[in-house]
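Subject: Structure handover

Hi,

Here is the structure I promised to pass on to you. Please open it alongside this note, and I will walk you through what turned up.

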Amino acid sequence: QVQLVESGGGLVQSGGSLRLSCVVSGLTFSIYAMSWYRQAPGKERELVAAITSSGSTNYADSMKGRFTISRDNAKNTVYLQMNSLKPEDTAVYYCNAKRGYTVWGQGTQVTVSS
């Protein structure tokens with residue numbers, strides 16, 4: 001059974017930092033592209049950052065310079081380091097694994113207070 005379990009969300013003040021983790025089981029993690037998405041209330045889910053199986057990364061424009069995606073294949077984990085957080089970063093953050101098909105985690109709430 002494939003599982004993606006996100007953690008690390010919470011409440012943080014504007015300007016603060018959080019590191020999200022997504023632990024993956026049930027698939028060969030190292031060959032999957034991994035991504036972080038987020039969905040704010042009343043808005044569509046949007047891409048935050050992605051990392052390929054070889055480690056290439058890309059980011060949504062509004063996250064460049066503030067967020068960093070990384071992966072540890074030995075731990076079957078993808079991370080999202082979020083710095084200089086803003087109230088508009090408040091959302092549920094989801095990780096997914098993609099290789100022909102896509103598998104999603106259940107999400108973790110990030111709330112940034114002003």
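First, some ground rules. This is a predicted model, in which local features need pLDDT of at least 70 and side-chain atom pairs count only at pLDDT 80 or more, while totals for chains, interfaces and linings use all residues. Residues are numbered from 1 along each chain as its sequence is written, and side-chain values use heavy atoms, with hydrogens and water left out.

Let's start with the open sheet. It has 4 strands in the order β1-β3-β8-β7, with antiparallel pairing. Strands here are DSSP runs of E, at least two residues long, numbered from the N terminus, and two of them pair if DSSP finds at least two bridges between them. Because β1 (3–7) and β7 (67–72) are the edge strands with a single partner each, one side of each has no neighbour in the sheet. On average, neighbouring strands of this sheet are turned by 15° against each other, direction ignored; the axes behind that angle are lines fitted to C-alpha atoms. Inside the sheet, 6 bridges hold the antiparallel pair of β3 (residues 18–25) and β8 (residues 77–82), and one of the facing pairs is Arg 19 with Gln 81 in β8.

The link is right-handed, with 45° about the S-S bond. It joins distant parts of the chain, since Cys 22 sits in β3 and Cys 95 in β9 (residues 91–99), 73 residues apart. Both cysteines are buried, that is, under 20% relative accessible area with a 1.4 Å probe, protein chains only.

That brings us to β9 and its partners:

- β4 (residues 33–39) pairs with β9 in the antiparallel sense over 7 bridges, and Arg 38 stands opposite Tyr 93 in β9.
- β11 (residues 108–113) is joined to β9 by 3 bridges and runs antiparallel to it; here Val 92 faces Gln 109.
- β10 (residues 101–104) pairs antiparallel with β9 over 4 bridges, including the one between Lys 98 and Thr 102.

Which residue in the turn of the β9 and β10 hairpin has a positive phi? That is Gly 100, at about 85°, in a hairpin with 1 residue between the strands.

Key: Axes are lines fitted to C-alpha atoms, for helices over the stretch in contact, and angles run from 0 to 180 degrees between N-to-C directions. A disulfide is a pair of cysteine sulfur atoms within 2.5 Å. Buried means under 20% relative accessible area, exposed over 50%, partly exposed in between (1.4 Å probe, protein chains only).
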